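Dear colleague,

Please find below the structure that I am handing over to you. My findings follow it, and I would ask you to read them with the structure open.

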Amino acid sequence: MNRRQFFMQAALATTVLCNIPGLAAAGPQAPPRTGTKRKQAGYYWFTIGDIDVLALSDGTLRSNAKLLNDKPGQVDALLRQAYVPDPRITSVNAYLIVLGDRRILVDAGTGALLGPALDKLPESLAAAGFMPGEITDILLTHIHADHSGGLSMQGRRVFPNATVHVSRAEKAFWLDPANMDKARDNHKPMFVKARESLEPYAAAGRLAAFEAGQTVVAGITSRPSTGHTPGHTFYVLDSQGQRLVFWGDTVHVAEAQFPCPELAIEYDIDPEAAVRARRQAFEEAVREGHLVAGAHIAFPGIGHVAKAGQGYQWLPAPYVNDAIC
Ligand SMILES: [Zn+2]
């Protein structure tokens, strides 16, 4: 086929396509296909045993946060090999567990604390058919603005009927003014934000602290994983022989930290302990073969972990869309 014949065939194909009744009719109503304000899918349903779980996107964040403990050139090489753009793109994920008559959020998004590109959790929740007033419990993996910022807006509770659960160590650390005085300057604003997010719940008697390791609500147990913050906590959901472990901030930069778990991030309050906790979490996920939910692993952040050479590898759970509506 020469060039002219090719263009004639292409033109004919276009004419035929444009004359298909359904397509022609759909044209004027179809949403615009370009534009920077278009939003992506914000929720993803999956099941653990017979329990429905919903991954919720609060949006994505462009980040240059510094990784620590690296050898010269190591992080750059890892990111280049993985085609990671600069600045890196980080998902901010939360999860909803539908457990009997309870509607349980794991983490609550950023709210207004990290800018307008985020704060999409309420919209993602609404798109999946849930109102903030339906949420009965909120389990915080830890108190950082990207996990607890969405709890309150201008001093009011966003989830008016929810009890916020957090480990006793985490609550004590962030709500004690003496710790803010002792903190590094770049960590001090985190204490202010923590207080703003949690105080409305404390004032309403809706802030509950647990000892790490306890069952928090029936069917969900907590497990300490300290380092990133002093009371950083995993939540473990079991049903019919399947297990999902909510990992919180065990991984911030998957492309670097799975192959090299010794890489800490500048937000870690205790980087050495955070590295130990990450290694333990990876080892356990490989040994037990359970699913993991990562707050900053690319949405929906659900997958398994495998050994790969000296390090580890992330295996995202396969996308499933076989629902019958
Ligand atoms: Zn985080």
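I begin with Asp119, which counts as buried because it has 20 C-beta neighbours inside 10 Å, and 20 or more is the cut-off for a buried residue. Please bear in mind that this is a predicted model. Asp119 is placed in the loop between strand E5 (102-106) and helix H4 (121-127). Its phi is near 60°, a positive value in a residue other than glycine.

Asn69 may be read alongside it. The phi of Asn69 is near 70°, again a positive value in a residue other than glycine. Asn69 belongs to the loop between strand E3 (67-68) and helix H3 (74-81). Is Asn69 buried, partly exposed or exposed? Asn69 has 15 C-beta neighbours inside 10 Å, so it counts as partly exposed.

Cis peptide bonds

Two peptide bonds deserve a look. The bond from Asp86 to Pro87 is cis, with omega near -5°. Pro87 sits in the loop that runs between H3 and strand E4 (88-99). A cis bond also joins Phe299 and Pro300, where omega is about 5°. Pro300 is found in the loop between E16 and E17, two strands that return in the next section.

The open sheet

Seven strands form an open sheet in the order E11-E12-E13-E14-E16-E17-E18, and their pairing is mixed. Its edges are strand E11 (215-217) and strand E18 (311-316), each of which pairs on one side only. From one strand to the next, the twist averages 35°.

Helix H10 packs on this sheet and touches strand E14 (242-248), strand E16 (291-294), strand E17 (302-308) and E18. The direction of H10 makes about 95° with that of E17.

You can trace the pairing here as follows:

- E11 and strand E12 (residues 220-224) run antiparallel and are joined by two bridges. Thr215 has Thr221 in E12 as its bridge partner.
- Strand E13 (residues 233-239) and E14 run antiparallel, with five bridges between them. Ser239 stands opposite Gln242 in E14.
- E14 and E16 pair in the parallel sense over four bridges. Leu244 stands opposite Leu291 in E16.

The hairpin of E13 and E14 has two residues between the strands, and Gln240 takes a positive phi near 50° there. E14 itself is mostly covered, with five of its seven residues buried.

The nonpolar core

In soluble globular proteins, nonpolar side chains tend to be buried together. Which residues have the most contacts inside the largest nonpolar core of this model? They are Leu56, Tyr95, Ile138, Val164 and Phe246, in a core of 78 residues. H10 (residues 271-288) gives the most to this core, with six residues.

Leaving aside residues up to four places away in sequence, Tyr95 touches Val53, Leu54, Ala55, Leu56, Val106, Phe246 and Ala293. Among them, Leu56 and Phe246 are also named with Tyr95 for their contacts inside the core.

Yours sincerely,
A colleague

Technical notes. Residues are numbered from 1 along each chain as its sequence is written. This is a predicted model: local features need pLDDT of at least 70, side-chain atom pairs count only at pLDDT 80 or more; totals for chains, interfaces and linings use all residues. A nonpolar core is a set of buried Ala, Val, Leu, Ile, Met, Phe, Trp, Tyr and Cys residues joined through C-beta atoms within 7 Å. A residue is buried if 20 or more other C-beta atoms lie within 10 Å of its own, exposed if 12 or fewer, and partly exposed in between; C-beta atoms are placed from the backbone. Two residues are in contact if their C-beta atoms, placed from the backbone, lie within 7 Å. Two strands pair if DSSP finds at least two bridges between them. Axes are lines fitted to C-alpha atoms, for helices over the stretch in contact, and angles run from 0 to 180 degrees between N-to-C directions.
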